[in-house]
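Okay, thanks for coming, everyone. Let me put the model up and we'll walk through it.

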Amino acid sequence: MMLRHKLLLLTATAALTAVGCKDKVAVVDGPLPPGAVQVIADENGFKPSSVTFKKGETASLVFTRTTDDTCATEVVFPELDVKKDLPKGKAVTIEVPTDKEQKLTFQCGMGMYKSSVVIN
Ligand SMILES: [Cu+2]
């Protein structure tokens, strides 16, 4: 029997402030919660495209989409059965299970931008 860990999905309430050019969207400024890594979704896909966490430590990814000119309007974690919309300019936090060593993929809705999370 496989125990599938339920992910806690939460939308970060981090305040975002748009500055400058209307096409630019501010990403989360100020400190991220412990164990959180910021990921930007833009016209080139996800940045960074690989994130590593330590087994057993609190881990989350905070996604922010910064442009409309991208396919990455949602993020999908196939192995975790998780799919979340990425509204432009809104930080979306996805908690990553670190109970075991594994490599997870995250990608855009169509699977073109593939990135990975390594837990080791
Ligand atoms: Cu895509």
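**Salt bridges and the copper site**

So, Arg65: at 9% relative accessibility it counts as buried, where buried means under 20%, exposed over 50% and partly exposed in between, using a 1.4 Å probe and protein chains only. Before I go on, this is a predicted model, where local features need pLDDT of at least 70, side-chain atom pairs count only at pLDDT 80 or more, and totals for chains, interfaces and linings use all residues. Residues are numbered from 1 along each chain as its sequence is written, and side-chain values use heavy atoms, with hydrogens and water left out.

What does Arg65 pair with? Asp68, in a salt bridge with the closest N and O atoms 3.2 Å apart; the term means a Lys or Arg side-chain nitrogen within 4 Å of an Asp or Glu carboxyl oxygen. Asp68 is exposed, at 55%. Asp68 also forms a salt bridge with Lys88, again with 3.2 Å between the closest N and O atoms. That pair links distant parts of the chain, 20 residues apart: Asp68 is in the loop between E5 and E6, Lys88 in the loop between E7 (82-85) and E8 (92-95). Strands here are DSSP runs of at least two residues, numbered from the N terminus. Lys88 is partly exposed, at 31%.

Now the metal. Copper is coordinated by the SG atoms of Cys71 and Cys108, at 2.0 to 2.2 Å; donors are N, O and S atoms within 2.8 Å of the metal (3.2 Å for Na, K and Ca), and with water not among the atoms, sites may look incomplete. Cys71 is partly exposed at 21%, while Cys108 is buried at 0%.

How values were computed:
Helix = DSSP H or I, 4+ residues; strand = E, 2+ residues; numbered from the N terminus.
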